[in-house]
Amino acid sequence: MGDLAGKKVFITGAEQGIGRATAERLIKAGCDIYFHYHSDESGPKALVALAHSLGQKAAYGYADLIDTDETQRCVSAGAEFLGGIDILVNNVGGIVGRKWLGEIDRTFWQTVIDVNMTTMLNVTQSALPFLKAANGASIVNLASQAGRAGGHSGSLVYSATKGAVLTWTRSLAAELGEYGIRVNAVAPGLILGTRFHNRHTTQASAEETVRAIPLGRAGTPDDVARAIAFLAAEYDGFISGATLDINGGIYRM
């Protein structure tokens, strides 16, 4: 595994949950980092303070990543601040809401696709010139166990988009390998302490899921952050096109 000290990271959605835990772990590993945020800058502010306390570079910027121009400006600002991008973490995504097949209208359909896929397209396209110039780079995409197994009822569109992220990861690994860019994904299961599950998972549902997990507990944001940091450090390794499942053993391929 490569040394992360001094590596330049651009991460999306670092306000809370998995994004914030990942950013904190990468800072402690020695990375300089630029955080994208959309709704709350208190998390990025705290992360910048942490980085500065360790003598590292950090800054953050706002963007609606569904908007191509805003994304380009944010990624370019991050690359200018960092002096390039070695590692890209595509963390932004969400279920938006639970809707069953008969309730899905075209607006909801497009919104969920935009939140989980258009954002990833925009960010990765914008970062591509900097990743190509890095002489060995790493992209880590956030998928979900729902993309593997289909998710709970009411998550039809979300699950479909996360399945698409897995295919996107495999295809992109083939396309970018000639530039020394490795592309991998993580597929978290039940990770409590995130906005996603705070809003969309009931306590009863969480308890039922935990009972079926072989390790006997839900995951934490740092469980996922550890896996992302490992894949990020593979900028000079041989792992590409892979997905790490982080679910306590409830889903096994």
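So, which residue in β2 is the bridge partner of K8? That would be D32. Before I go on: this is a predicted model, where local features need pLDDT of at least 70 and side-chain atom pairs count only at pLDDT 80 or more, while totals for chains, interfaces and linings use all residues. Residues are numbered from 1 along each chain as its sequence is written, and side-chain values use heavy atoms, with hydrogens and water left out.

Okay, the sheet. K8 and D32 belong to the parallel pairing of β1 (residues 8–11) with β2 (residues 32–37), which runs over 4 bridges. Strands here are DSSP runs of E, at least two residues, and helices are runs of H or I, at least four, numbered from the N terminus; two strands pair if DSSP finds at least two bridges between them. Overall we have an open sheet of 7 strands, paired in parallel, in the order β3-β2-β1-β4-β5-β6-β7. At the edges sit β3 (58–62) and β7 (243–246), each pairing on one side only. From one strand to the next, the twist averages 15°.

Now the helices on that sheet. Helix α2 (residues 42–53) packs there, touching β2 and β3, and its direction makes about 165° with that of β3. Helix α6 (residues 156–176) touches β5 (137–142), β6 (181–188) and β7, and makes about 165° with the direction of β6. Contact is heavy atoms within 4.5 Å; axes are lines fitted to C-alpha atoms, for helices over the stretch in contact, with angles from 0 to 180 degrees between N-to-C directions.

The whole structure has 4 aromatic pairs, meaning Phe, Tyr or Trp rings (six-membered ring for Trp) with centres within 6.5 Å; planes under 30 degrees apart are stacked, over 60 edge-to-face, the rest tilted. One of them is Y37 with Y60, edge-to-face at 5.6 Å centre to centre and 70° between the planes. Y37 is in β2 and Y60 in β3, 23 residues apart.
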